[in-house]
Amino acid sequence: FKDGNNTVGHAHLDLGTFILDWFGKRWAMELGPDNYSLPGYFDDKRWNYLRLKTEGQNCFVIEGENQNREAIAPVVSFKKGSNYFATINLSEAYKSRVEEATRTFFVKNRKGHKAVIVSDLLTLKMPVPASWNMYTKADIEITDGGRRAKLSYPDLEQKIALQLIKPDSARFNVSDLKLEKPFIKSDGVRKLSIRVMNPKKYLPFEVRFEAE
């Protein structure tokens, strides 16, 4: 996962993003940089390009807006051990929309069974639409009325299941990412998202990853 500073050289607006590798495959991926020859790639126009803006990251997005370009997001809590976690304070990254925002990554081990949990808590200044996004090249099957997403690769027996824990009324959505020239192509990339159109002041996102 990423904490740190949005002002560093070649940065994307992606504080709180993460990747997930399991069974030798990448399930949550980073889109990476785009074509350096795009107009304005190294000035303010860069924040209009999907691979650089917040929407193109494994982050939550509030009313479609980018993170604060000058934000710093520190790790504020960390625990080691067989069950471990780390919490990032993302309040500065979303300061125009939140009073407070955190993202916590948990890794839980119990009797040989492992789970990874991504847990967000947003305290919104105003109830505006928000979404949780993740990009992958895995195949995706949505089940349980949109509350569960099963990820798989044709050449791998093991699968990864994502369970949507919070919000209670939300559902997973899947779409193909279609970027063509002059952008770097996005062949095989899918976007898994959770959209909340009318949130309350306290908005949680929580997704549990488990092997199947």
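# Chat on cores, salt bridges and rings

Me: Is Tyr36 buried, partly exposed or exposed?
Reply: Tyr36 is partly exposed, because its relative accessibility is 45% and the exposed class starts over 50%. This is a predicted model.

Me: And Phe42, buried or exposed?
Reply: Phe42 is exposed, with a relative accessible area of 52%.

Me: Switching to the inside. How many residues are in the largest nonpolar core?
Reply: The largest nonpolar core holds 45 residues. Those with the most contacts inside it are Ile62, Trp132, Met134, Leu151, Leu162, Phe205 and Phe209.

Me: What is Leu162 in contact with?
Reply: Setting aside neighbours within four places in sequence, Leu162 contacts Met134, Leu151, Phe172, Leu192, Val207 and Phe209, among others. The list also includes Arg147, Arg148, Ala149 and Arg208.

Me: Which residues does the second core include?
Reply: The second core is separate and has seven residues, including Leu50, Leu177, Leu179 and Val189.

Me: Which residues form the nonpolar patch on the surface?
Reply: That patch is made of Phe1, Val75 and Phe78, which together have about 310 Å² of accessible area.

Me: Where is Val75 found, in which strand?
Reply: Val75 is in strand S6, which covers residues 75-79. With 36% relative accessibility, Val75 is classed as partly exposed.

Me: Salt bridges next. How many does a search of the whole structure find?
Reply: The search of the whole structure gives 15 salt bridges. One of them joins Asp155 to Lys25, with the closest N and O atoms 3.0 Å apart.

Me: Where do Asp155 and Lys25 lie?
Reply: Asp155 is in the loop between strand S12 (148-152) and strand S13 (160-166), while Lys25 is in strand S3 (residues 25-28). The pair therefore ties together parts that are 130 residues apart in sequence.

Me: Why does Asp155 count as exposed?
Reply: Asp155 has 58% relative accessibility, and exposed means over 50%.

Me: Which side chain meets Asp44 in a salt bridge?
Reply: Arg69, at 3.3 Å from N to O. Asp44 lies in the loop between S3 and strand S4 (60-62) and Arg69 in the loop between S4 and strand S5 (72-73), so this pair ties together parts 25 residues apart in sequence. Asp44 counts as exposed at 55% relative accessibility, and Arg69 as partly exposed at 40%.

Me: What does Glu55 meet in a salt bridge?
Reply: The side chain of Glu55 meets that of Lys191, 3.6 Å from N to O. This pair links distant parts of the chain, 136 residues apart: Glu55 is in the loop between S3 and S4, and Lys191 is in strand S15 (residues 190-196).

Me: Is Lys191 buried or exposed?
Reply: Buried, because its relative accessible area is 15% and the limit for buried is under 20%. Glu55 is partly exposed, at 29% relative accessibility.

Me: Which residues are linked in a network of salt bridges?
Reply: Glu63, Glu65 and Arg97 are linked that way.

Me: Back to S5. What does Ile72 touch?
Reply: Ile72 lies in strand S5. Not counting residues up to four places away in sequence, Ile72 touches Gly4, Asn5, Leu15, Asn89 and Glu92. Ile72 is partly exposed, with 42% relative accessibility.

Me: How many aromatic pairs does a search of the whole structure find?
Reply: That search finds 13 aromatic pairs. One is Phe1 with Phe105: the ring centres are 4.8 Å apart and the planes are at 15 degrees, so the pair is stacked.

Me: Where do Phe1 and Phe105 lie?
Reply: Phe1 is in the segment before strand S1 (4-5) and Phe105 is in strand S8 (residues 98-110), so the pair ties together parts 104 residues apart in sequence. Phe1 is partly exposed, with a relative accessible area of 48%, whereas Phe105 counts as buried at 11% relative accessibility.

Me: And which aromatic pair is edge-to-face?
Reply: Tyr36 and Phe42 form one that is edge-to-face, with 5.0 Å centre to centre and 85 degrees between the planes.

Me: Last one. Which residues form one aromatic cluster?
Reply: Phe1, Phe18, Phe105, Trp132 and Phe209 form that cluster. Trp132 and Phe209 are also among the residues with the most contacts inside the largest nonpolar core.

Key. Residues numbered from 1 in each chain as written. Predicted model: local features only at pLDDT ≥ 70, side-chain atom pairs only at ≥ 80, totals over all residues. Heavy atoms only, no water. Core = buried A, V, L, I, M, F, W, Y, C linked by side-chain atoms within 4.5 Å. Buried < 20%, exposed > 50% of the residue type's maximum accessible area, 1.4 Å probe, protein only. Contact = heavy atoms within 4.5 Å. Patch = residues over 30% accessible without salt bridge, like charges linked within 9 Å, V, L, I, M, F, W, Y side chains within 5 Å. Areas by Shrake-Rupley, 256 points an atom, 1.4 Å probe, with all protein chains shown as cover. Salt bridge = Lys/Arg side-chain N within 4 Å of Asp/Glu carboxyl O. Helix = DSSP H or I, 4+ residues; strand = E, 2+ residues; numbered from the N terminus. Phe/Tyr/Trp six-rings, centres within 6.5 Å; stacked < 30°, edge-to-face > 60°.
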